[in-house]
Amino acid sequence: MSGKPAPSVRLRPLVDADVAMLSSWALDTRFRELAEWSPDLSVAEYRAFWRDLIAAPPPGLLRLGVECADELCGYVDLHGPSESVKELGFLVGPLERWGRGLGTAAAAAGLAYGFDSLGLQRVWAEAYDTNSASLRILARLGMVEIGPGESGMFDGRPTTYRQFALSREQWLPGPVPVSAR
């Protein structure tokens, strides 16, 4: 982020009013590819998906909206069956918002929420080796690479996940306003 101040974000529960915004991101084919969203769904099917997910998330998934300047700009996931260890996921949308520090701010807010609000002992995350932006975010947040994960495709190229972890003791919270009203 080269000396620029980090954008201010806050976390909040996703609500039905977010369905239109989340679904609109699917209009961008390139966003769907990079976010690994299904290319075969219509916007109506994405609306149904988001309505269902918000109304009844699967067990073990906490998905919180990320707001910047009072507008939904992404989401953060903390998921997994353990009460003390969760996987962190984050996504910023639409594509035009990428490269502005929002991914780092969202992921930092997710870590803060996991450690400070949920009392997690460990958070892990993974990113494809070819997804340099996500790898930089995880490293910037102090997450430590713990090894390779499964193979897959990202941006049309074969690649392998790289896994990272951070313990509660390693967590150095920064000035990230977080709430989940």
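Student: Why is Arg 97 called buried in this model?

Tutor: In this predicted model, Arg 97 has a relative accessible area of 15%, and because buried means under 20%, the residue is classed as buried. Its place in the chain is the loop between strand E4 (85-92) and helix H4 (102-117).

Student: What makes the surroundings of Arg 97, once its neighbours within four places in sequence are left aside?

Tutor: With those neighbours set aside, Arg 97 is in contact with Trp 25, Glu 71, Leu 72, Cys 73, Val 92 and Leu 102, where contact means heavy atoms within 4.5 Å.

Student: Which backbone oxygen atoms lie at 3.2 Å and at 2.6 Å from a polar atom of the side chain of Arg 97, and why do these pairs count as polar contacts?

Tutor: The backbone oxygen of Leu 72 lies 3.2 Å from a polar atom of the Arg 97 side chain, and for the backbone oxygen of Gly 93 the distance is 2.6 Å.

Student: How do you know that the length of H4 agrees with its number of residues?

Tutor: The expected span is 1.5 Å times one less than the number of residues, so the 16 residues of H4 should span 22 Å, and the end C-alpha atoms, at 21 Å apart, agree with that. H4 is also mostly covered, with 14 of its 16 residues buried, and the helix is followed by Gly 119, whose phi is positive, near 70°.

Student: Why is Asp 70 called exposed, while Asp 155 is called partly exposed?

Tutor: Asp 70 has a relative accessibility of 71%, and because exposed means over 50%, Asp 70 counts as exposed. Asp 155 has a relative accessible area of 31%, which lies between the limits of 20% and 50%, so Asp 155 is partly exposed.

Student: What is the phi of Asp 70, and what is that of Asp 155?

Tutor: Asp 70, in the loop between strand E2 (61-68) and strand E3 (71-79), has a positive phi near 60° although it is a residue other than glycine. Asp 155, in the loop between strand E6 (144-154) and strand E7 (157-167), is not a glycine either, and its phi is positive at about 55°.

Methods
Residues numbered from 1 in each chain as written. Predicted model: local features only at pLDDT ≥ 70, side-chain atom pairs only at ≥ 80, totals over all residues. Heavy atoms only, no water. Helix = DSSP H or I, 4+ residues; strand = E, 2+ residues; numbered from the N terminus. Buried < 20%, exposed > 50% of the residue type's maximum accessible area, 1.4 Å probe, protein only. Polar contact = N/O pair within 3.5 Å; in protein donor to acceptor, adjacent residues only side chain to side chain.
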